[in-house]
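Please look through the model below with an eye to its strands, its charged side chains and its backbone angles. The paragraphs that follow take these topics in turn.

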Amino acid sequence: MQIKNQSVASFHYTLRDDDENILDSSQGGEPLVYMHGMGNIVPGLEQALVGKRPGDSFKVRVPADQAYGERDERKIHQVSRSQLPKGAEITVGMQFEARGDGEVHVVTVVGLEGADRVILDSNHPLAGVALNFEIAVTEVRDATAEELSHGHVHGPHGHHHH
Ligand code: ZN
């Protein structure tokens, strides 16, 4: 069976940047499971998976604008330390989750100014980064009616309801 809209597909992946640094990998763990055509993975990778079958392996380079987008300098701003969670030591490079526009964003501390100012970058940590995927498709099946109505994959490695 080939991957098409409303397929549920599983694949192992290794993700590298253009300098060959490994950013993420499923090797040694479970494959990633997703429902195709729902925007659940980055657009450039979803496009590259169309028509692939179990056993297919391939490499694809996804430019930033087809992955997590280009960096936006307007997403860098200063806040007062008092606006951040109390008790935590704030250091450059630390990341935390912030809620805004009804979504959860990863925010990175990129600088400290004086005693009270913290410079935050709310760009996605992979914004502006081209993603080099090495993919091995392990399973393709049709989504169940229940999965289609929910828009996501159910058990054993997908979404669980309680
Ligand atoms: Zn569900």
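Glu20 is exposed, with a relative accessible area of 59%, where exposed means over 50% relative accessible area, buried means under 20% and partly exposed lies in between, as computed with a 1.4 Å probe on protein chains only. This is a predicted model, in which local features need pLDDT of at least 70 and side-chain atom pairs count only at pLDDT 80 or more, whereas totals for chains, interfaces and linings use all residues. Residues are numbered from 1 along each chain as its sequence is written, and side-chain values use heavy atoms, with hydrogens and water left out.

Glu20 sits in the loop between β1 and β2 (22-25), the strands being DSSP runs of E with at least two residues, numbered from the N terminus. The phi of Glu20 is near 70°, a positive value in a residue other than glycine. Most residues other than glycine have a negative phi. Gln6 also has a positive phi, of about 70°, although it is not a glycine; Gln6 lies in the segment before β1 (7-16) and, at 43% relative accessibility, counts as partly exposed.

With which side chain does Glu20 meet in a salt bridge? The partner of Glu20 is Arg16, at 4.0 Å from N to O, a salt bridge being a side-chain nitrogen of Lys or Arg within 4 Å of a carboxyl oxygen of Asp or Glu. Side chains of opposite charge can pair when their charged atoms come close. Arg16 is partly exposed, with a relative accessible area of 23%, and a network of salt bridges links Arg16, Glu20 and Glu134.

Asp72 and Arg74 meet through their side chains at 3.1 Å, N to O; Asp72 is partly exposed, with a relative accessible area of 21%, while Arg74 is exposed, at 71%. In the salt bridge between Arg141 and Glu147, the closest N and O atoms are 3.0 Å apart. There, Arg141 is partly exposed, with a relative accessible area of 26%, whereas Glu147 counts as buried at 2% relative accessibility.

The strand pairing can be followed from β1, which is joined to β9 (residues 131-142) by 10 bridges, the two strands running antiparallel; two strands pair if DSSP finds at least two bridges between them. Within this pairing, His12 has Ala136 of β9 as its bridge partner. Strand β9 also pairs with β4 (residues 57-62), in the antiparallel sense and over 6 bridges, and here the bridge partner of Phe58 is Ile135 in β9.

Another part of the model holds an open sheet of 4 strands, in the order β5-β8-β7-β6 and with antiparallel pairing. Its edge strands are β5 (76-80) and β6 (95-100), each of which pairs on one side only. Neighbouring strands of this sheet are turned by 45° against each other on average, direction ignored, the axes being lines fitted to C-alpha atoms and angles in general running from 0 to 180 degrees between N-to-C directions.
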